[in-house]
Amino acid sequence: MTSEACSGSRCARIGKLQRRAQGEDTAVLIDMASRPEKRDSYGSTASTSEPDGHQAATCRAGTPANPRIADFVLVWEEDLGRQQDNAGREKIDSHRAWRETFLDNLRVAGLHVDQHDVQDEDRAVHYVLLSAPWAVLCYYAEDLRLKLPLQELPNQASNWSASLLQWLGVPNVLLEEVPDVPPEYYSCQFKVSKLSRFLGSDNQDAFFTCTSRHQIGPVTAPPEGLRATSLSQRQVLFQHWAQWRKWYKYQPLDHVRRYFGEKVALYFAWLGFYTCWLLPAAVVGTLVFLVGCFMVFSDTPTQEVCDSADSFEMCPLCRDCSFWLLSSACALVQAGRLFDHGGTVFFSLFVALWAVLLLEYWKRKSATLAYRWGCSDYEDIEERPRPQFAASAPTTAPNPITGADEPYFPSRRRVRRVLAGSVVIAMMVAVVVMCLVSIILYRAIMAVLVSRSNNTLLAAWASRIASFTGSVVNLILILILSKLYVALAHVLTRWEMHRTQTRFEDAFTLKVFIFQFANFYSSPIYIAFFKGRFVGYPGSYHSLFGVRNEECAAGGCLIELAQELLVIMVGKQVINNVQEILVPKLRGWWQKFRLRSKSKVAASGAAGQAPWEADYELLPCEGLFDEYLEMVLQFGFVTIFVAACPLAPLFALLNNWVEIRLDARKFVCERRRPVAERAQDIGIWFPILAGITHLAVISNAFLLAFSSDFLPRAYYRWTRAGDLRGYVDFTLARAPPSFAAEHNRTCRYRAFREDDGHHSQTYWHLLAIRLAFVIVFEHVVFSVGRVLDLLVPDIPESVEVKVKREYYLAKQALAENEALLGTDGVKDGQPPASEKNLSPQA
């Protein structure tokens, strides 16, 4: 179905379909009054981005007065009270003419168009109900090569935890008994000439599911109807999925897919799969943290610091600061030991391999779901141009595949615009770097100001106070820049004139992710790899804009990195969850108030409203981009810097338990139903996750080598003392004689330097060991990851068998020679006994 003018044989065929549809209309439409058990409740729809025109949808949303199936609803508002000048009236008239042309084209395509208006003195809301007759559905189902069922199978949805608990004989409290479980099918591409061989083809009312109708229609989507359980699909999802008390239950993914389509279902499948895999990482990370808690009180170097009294007098932290005692930083050193110990190395290796296995098994899970949902061979070869592209393209040109004229934008001009957009991205990344520099200067100045305090406790914690407040300020700047850049990325991507929606979304996703990566990770990267590296030594300190470069606190930079990660990661999660709870409620309240306050129809209450009017009061669905971006950034925090914060998987797990039900309630209760889109996988997000996984291996190798005390301690054990006695003195250098003479006293500072300030031989030995550790660590992890990739097939064996069986049945069903059908009974026969034992693997 399309609003564009047709031509040639295609138009002639549509004309025949239209004439057939007019003759058979009454035979295929559901009479809502006479068949109440088939009545469907109206669900939600999605709107366009245009403020004066909206798209909504309702599948099978009939009323006794109008029993016709309504597949979609178009909505637009008209302001009747405001006076318009000549230009305004001309614009309104042109929009009215465009709408009439568009609706006429829909009628030409064979659709039924019914208009309903709700009007008062100041405002009118127009609802256009669109429905597709049987002949049109059959034609476009074959044209779009939709896969429809040949043979029903028992629903074999399963997962490893359910299988394990069943094998152990333990009751599965995670299992939720959801009514009306969708069956599985063997399916093949639809052909009208073989209609009788498809399962359920004798029931025209139910043969095309609601999601199938959405794939045929170019607009947006709705809900389906009441089942034998007296609950609509939306009510089933609310009762068994979107309730907070179901936080520990399995998600009914087949129900989600039937109602929202494969694209939304795959997002929730990924979110649930990722959350499940976070559980072992969170358990191991918590154990590593607890080990650090016990080691604090038995660690020899930590005890040396706390018991040193006035043995180690440290050099001033700034030009006008006073000398200080290392023992005053006892609490900081103990806190640093919580995250920096031998267990951190094990946990970094564990998380690196965990991330590799996570993606490998997700490929298997994705392949299983894609097959079960009929999307394993989905390719949108003839993806149509975006409406915004068609409206803005300067010319037309023949499509190289179809040969039909369609809107065209020259490739060279698009490349120039993409390059110009890349310059804007680079400028925005430069803004992030400027903000980072400002945070660095803020921390340095704040540390100086606090250290001058007369309060001894504040002076001792000056570095930590400056670091924490800097992290909070950095989080605020990150959130502000994120909002600004997402809006800018929308403008840039539209300006680049991408032809299809897929290319548009990929370009937009890449832009936003590049910026958000720099925005969220720039400060942790600075603390992990640059802070404290370019300080200099007493008498020859380096400075930035006249301010002395930052040093790591007494506990080391790893504890500061852990603090930064927790502030940004947990703070962002809390703020996002509060926004997702409060903002939709406020917006929904305003939407209802705006529509009902002036409406005479609403005076009798919501019960007097038509279902499409009640649905229009819901908020428009804004897609899955923000949800995916939030999880991908979280995955980066969990993996890239996990050596500094083993508690990151735990906080991510707790957040995701809330996130699943929060997103479920958002889709079920607060948003209009989005268009049911098909998808094979999570799209461009998987390569991004794979890139983060590779980056995490390198990042953690450098973190352990250059930011942790693990290698210096190991070097000291090998070359000096196995019990680490004297390690603190080993890590502290003495101020040069010139500095001591200037201040009439000597002091210590943390570095491997000689008395003249030059790097000592120990520094070079450690540098070689650190570089060797990085090379060995990443080669071991990448090698093991490659072996795991080879050992774990991307597609489970059971799925491969089912694909071959489906291909065999499809060949029989579509065979021209009836003798080829044999006695297997393609349409209504039972599957072979061997198939009953097949179950998808995780």
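Predicted model: local features only at pLDDT ≥ 70, side-chain atom pairs only at ≥ 80, totals over all residues.
Residues are numbered from 1 along each chain as its sequence is written, and side-chain values use heavy atoms, with hydrogens and water left out.

**View 1. The crossing of helix 9 and helix 21.** The axes of helix 9 (residues 262–296) and helix 21 (residues 648–670) come within 7 Å and cross at roughly 160°; axes are lines fitted to C-alpha atoms, for helices over the stretch in contact, and angles run from 0 to 180 degrees between N-to-C directions. Helix 9 is therefore roughly antiparallel to helix 21, a term for angles over 145 degrees, where those under 35 count as roughly parallel, 65 to 115 as roughly perpendicular and the rest as oblique. On the side of helix 9, the residues in contact include Val264, Tyr267, Phe268, Leu271 and Gly272, and on the side of helix 21 they include Pro649, Leu650, Trp657, Glu659 and Asp663; contact means heavy atoms within 4.5 Å. The residues of this contact between helix 9 and helix 21 divide into 17 nonpolar, four polar and two charged, where Ala, Val, Leu, Ile, Met, Phe, Trp, Tyr, Cys and Pro count as nonpolar, Asp, Glu, Lys and Arg as charged, and the others, Gly among them, as polar.

**View 2. The crossing of helix 22 and helix 26.** Helix 22 (residues 685–707) and helix 26 (residues 761–791) have axes that come within 9 Å and cross at roughly 150°, which makes helix 22 roughly antiparallel to helix 26. The crossing of helix 22 and helix 26 is right-handed. Among the residues that meet are His694, Val697, Ile698 and Phe702 in helix 22 and Leu767, Arg770, Phe773 and Glu778 in helix 26. The contact of helix 22 with helix 26 is made up of 14 nonpolar residues, one polar and two charged.

View 3. A disulfide is a covalent bond between the sulfur atoms of two cysteines, assigned here to a pair of cysteine sulfur atoms within 2.5 Å, and a search of the whole structure finds two of them. In the pair shown, the sulfur atoms of Cys306 and Cys330 are 1.9 Å apart, and the torsion about their S-S bond is about 85°, so the disulfide is right-handed. This pair links distant parts of the chain, with Cys306 in helix 10 (residues 300–306) and Cys330 in helix 11 (residues 330–339), 24 residues apart. Cys306 counts as partly exposed because its relative accessibility is 22%, and Cys330 counts as buried because its relative accessible area is 16%; buried means under 20% relative accessible area, exposed over 50%, and partly exposed in between (1.4 Å probe, protein chains only).

**View 4. The disulfide of Cys315 and Cys747.** Cys315 is joined to Cys747 by a disulfide with an S to S distance of 1.9 Å, and with 85° about the S-S bond this link of Cys315 and Cys747 is right-handed. Cys315 lies in the loop between strand 7 (313–314) and strand 8 (324–325), and Cys747 in the loop between helix 25 and strand 16, so the pair ties together parts that are 432 residues apart in sequence. Cys315 is buried, with a relative accessible area of 4%, and Cys747 is buried at 1% relative accessibility.

**View 5. Met497 and Asn744, residues with positive phi.** Phi of Met497 is near 60°, a positive value in a residue other than glycine, and Met497 is found in the loop between helix 16 (462–495) and helix 17 (501–529). Asn744, which is not a glycine, has a positive phi of about 60° and is placed in the loop between helix 25 (737–743) and strand 16 (748–750). Helices (H or I, at least four residues) and strands (E, at least two) are DSSP runs, numbered from the N terminus. Met497 counts as buried because its relative accessibility is 6%, whereas Asn744 counts as exposed because its relative accessibility is 71%.

Key
Left-handed = near helix turned anticlockwise from the far one by under 90°.
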